[in-house]
Amino acid sequence: GTAMQRFLGPLLCLWALRLPAGTGAAARGLDIASYRERVRAMFYHAYEHYLESAFPYDELRPLTCDGQDTWGSFSLTLIDALDTLLILGNVSEFQRVVNVLQEGVDFDIDVNASVFETNIRVVGGLLSAHLLSRKAGVEVEAGWPCSGPLLRMAEEAARKLLPAFQTPTGMPYGTVNLLHGVNPGETPVTCTAGIGTFIVEFATLSHLTGDSVFEDVARKALKALWKNRSDIGLVGNHIDVITAKWVAQDAGIGAGVDSYFEYLVKGAILLQDKELMSMFLEYNKAIKNYTKFDDWYLWVQMYKGTVSMPVFQSLEAYWPGLQSLIGDVDNAMRTFLNYYTVWKQFGGLPEFYNIPQGYTVDKREGYPLRPVFGCFAELIESAMYLYRATRDPTLLELGRDAVESIEKISKVDCGFATIKDLRDHRLDNRMESFFLAETVKYLYLLFDPDNFIHNDGSDFDVVVTPYGECVLNAGGYIFNTEAHPIDPAALHCCRKRKEEQWEVEDLMREFYSWKKTKKFTLKRSPDHGEGENAKDPEDASSEKAGEKRNSKKSSHSLLSCPSQSFNSKLAVLGQVFLDNT
């Protein structure tokens, strides 16, 4: 084909040969339980030092054993780590932290906050913890999951972000002051991911609270990006949210764009929305046509399709997970193995990697080479989902290598330090909150095949809400881009949908039948597949919501929700490519 393909082909073949022989055999000999416990120990080494040295600040500074506020002043690491505590089985600490957050976190503060980061970390973390709180033994209030203190906190945080969406295009500003709204003179230039990464959290919030404003603004932002794609079907890296003019016109799947594509797929699955999926599939065609060379993805000019830079970004390592999510497992494995080869060359993924040169890209235009824990998380996450799909033992080897690399390079006395430069393994005095939210979580889930997160739908709970019965904890969790799992079934618990109206009518008919006959037990109509005794709606509305009606076992999956998901991380210091032509 092209000159680029002819140039890259032999090089990629050589790189493939660098994978050690006997990889599969070595991985088959892994003691999964042993590595699972090592990951658990990693979590507590980081978590306990955060509590001892950094709380209530946002993040731990592990080289100086103190703390700092980074994204606001929310005790962010505590929010980000909360659902990981439950995944590791620590219900008592989960319960304690829920109480601490209720008492200590205040969003009515004069702080300039990233709209993107506050959404994925704070809103996402609180929503996930809210939906998992009953499973963690928290005494939930009447009305749960349609009400609760963590849900109210998530809603309060999200409302602080809404002023950012008040633009002519509906695309949000990147920064908002939590007390005063958007600052005068705030830059209108926002990255694509910072515009298109809201539908998972905001739609969940709308469905649980009944207030459609959150889902509405998230959808409007998604559609604005779609409307402003180029004639060849690509989107750029940064756009002016007032004029809709593309400021950075390079198109790719890496930093600045990544989680936009992720949320089109996840939003489609979460909401069963064909329009969102069709948008992604159209983008996917253009990405394959213009940015894919062999099994690498490069940056191209969004209007012309010409290659800008033959550079691989570490944040692209989420892409194999996305490919597996839509069923493209073979291509996912090929892309994954390319990225894994780079990992083995450097002991991690550099933030930028020049494909022809086969080495990391030097500091450019003020953006330092900062391979952070997110780089680990992207590839580990892809490995976790691909392993669920293929059971290929090579994927377990990646998990093993990740544990060894992190412990060898990043572990210090007070936690784990971000790697400043993979070439010499210099460390930065920072432990970002997503180390506990993502990196450790995905590693643990890779080595814990029986975790409740991997539930295939054969085990579930039926809970009673003011709106009737609903099924929860059946699996199919959708992870947001900070690795916070959302139970998709919960979105059907808190409001009546037109397609469910027959259920309401059926209950009402039974209710009036009971009133006439003065019977004290009711039977659900066998036509709807329910043989359980039903509650009197008047009683059901007043009983403690979230109380388990019964726990059912089934020999087959009753839910068709996919059990795979993936994640990506927006690089705040990510590369911006400008069109100088």
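This is a predicted model: local features need pLDDT of at least 70, side-chain atom pairs count only at pLDDT 80 or more; totals for chains, interfaces and linings use all residues.
Before the details, some ground rules: local features need pLDDT of at least 70, side-chain atom pairs count only at pLDDT 80 or more, and totals for chains, interfaces and linings use all residues. Residues are numbered from 1 along each chain as its sequence is written, and side-chain values use heavy atoms, with hydrogens and water left out.

## Disulfides

Let's start with the cysteines. A disulfide here is a pair of cysteine sulfur atoms within 2.5 Å, and by that rule the count comes to three.

| Pair | S to S distance | Handedness and torsion about S-S |
|---|---|---|
| Cys-65 and Cys-414 | 1.8 Å | right-handed, 95° |
| Cys-146 and Cys-494 | 2.1 Å | left-handed, -90° |
| Cys-470 and Cys-493 | 2.1 Å | right-handed, about 95° |

Which bonded cysteines go together, if you number them in sequence order? The pattern is 1-3, 2-6, 4-5.

Where do the partners sit? Helices (H or I, at least four residues) and strands (E, at least two) are DSSP runs, numbered from the N terminus. Cys-65 and Cys-414 form a disulfide; Cys-65 lies in the loop between β1 (59-61) and β2 (66-68), and Cys-414 in the loop between β16 (411-412) and β17 (415-416), so this pair ties together parts that are 349 residues apart in sequence. For burial, the scale is this: buried means under 20% relative accessible area, exposed over 50%, partly exposed in between (1.4 Å probe, protein chains only). On that scale Cys-65 is partly exposed at 34%, while Cys-414 is buried at 8%.

A disulfide also joins Cys-146 to Cys-494. Cys-146 is in the loop between α6 and α7 (149-161), and Cys-494 is in the loop between β23 (485-486) and α18 (501-517), so the bond ties together parts 348 residues apart in sequence. Cys-146 is buried at 15% relative accessible area, and Cys-494 is buried at 3%.

The remaining entry joins Cys-470 to Cys-493. Cys-470 belongs to strand β21 (residues 468-472) and Cys-493 to the loop between β23 and α18, 23 residues apart. Both Cys-470 and Cys-493 are buried.

Next, a sheet. Two strands are taken to pair if DSSP finds at least two bridges between them. Strands β5, β6 and β7 form an open sheet in the order β5-β6-β7, with antiparallel pairing. At the edges stand β5 (189-191) and β7 (246-248), each with a single partner strand, so one side of each is left without a neighbour in the sheet. Neighbouring strands are turned by 35° against each other on average, direction ignored; the axes behind such angles are lines fitted to C-alpha atoms, for helices over the stretch in contact, and angles run from 0 to 180 degrees between N-to-C directions.

Strand β6 (residues 238-240) pairs with β7 over two bridges, in the antiparallel sense. Within this region, His-238 stands opposite Ala-248 in β7. Cys-191 is buried, with a relative accessible area of 11%.

## The nonpolar core

A nonpolar core is a set of buried Ala, Val, Leu, Ile, Met, Phe, Trp, Tyr and Cys residues joined through side-chain atoms within 4.5 Å. The largest one has 154 residues, and Phe-202 and Phe-261 have the most contacts inside it. Helix α6 (residues 115-132) gives the most to this core, with ten residues.

What does Phe-202 touch? Contact means heavy atoms within 4.5 Å. Not counting residues up to four places away in sequence, the partners of Phe-202 include Asn-119, Ala-158, Leu-161, Phe-165 and Phe-214.

Thr-481 carries a "binding site" feature in an unreviewed UniProt entry; UniProt positions are given in the numbering used here, feature names are shortened, and annotations may be inferred rather than shown by experiment. Thr-481 sits in the loop between β22 (478-479) and β23 and is buried, at 0% relative accessible area.

Ser-75 lies in the loop between β2 and α4 (76-87) and is buried at 8%. Leaving aside neighbours within four places in sequence, Ser-75 is in contact with Tyr-50, Phe-55, Pro-56, Tyr-57 and Asp-58. The C-alpha atoms of Ser-75 and Glu-59, 16 residues apart along the chain, are separated by 7.4 Å.

Asn-331 lies in helix α14 (residues 329-346) and counts as buried at 14% relative accessibility. Beyond four places in sequence, Asn-331 touches Lys-292, Asp-295 and Gln-323.
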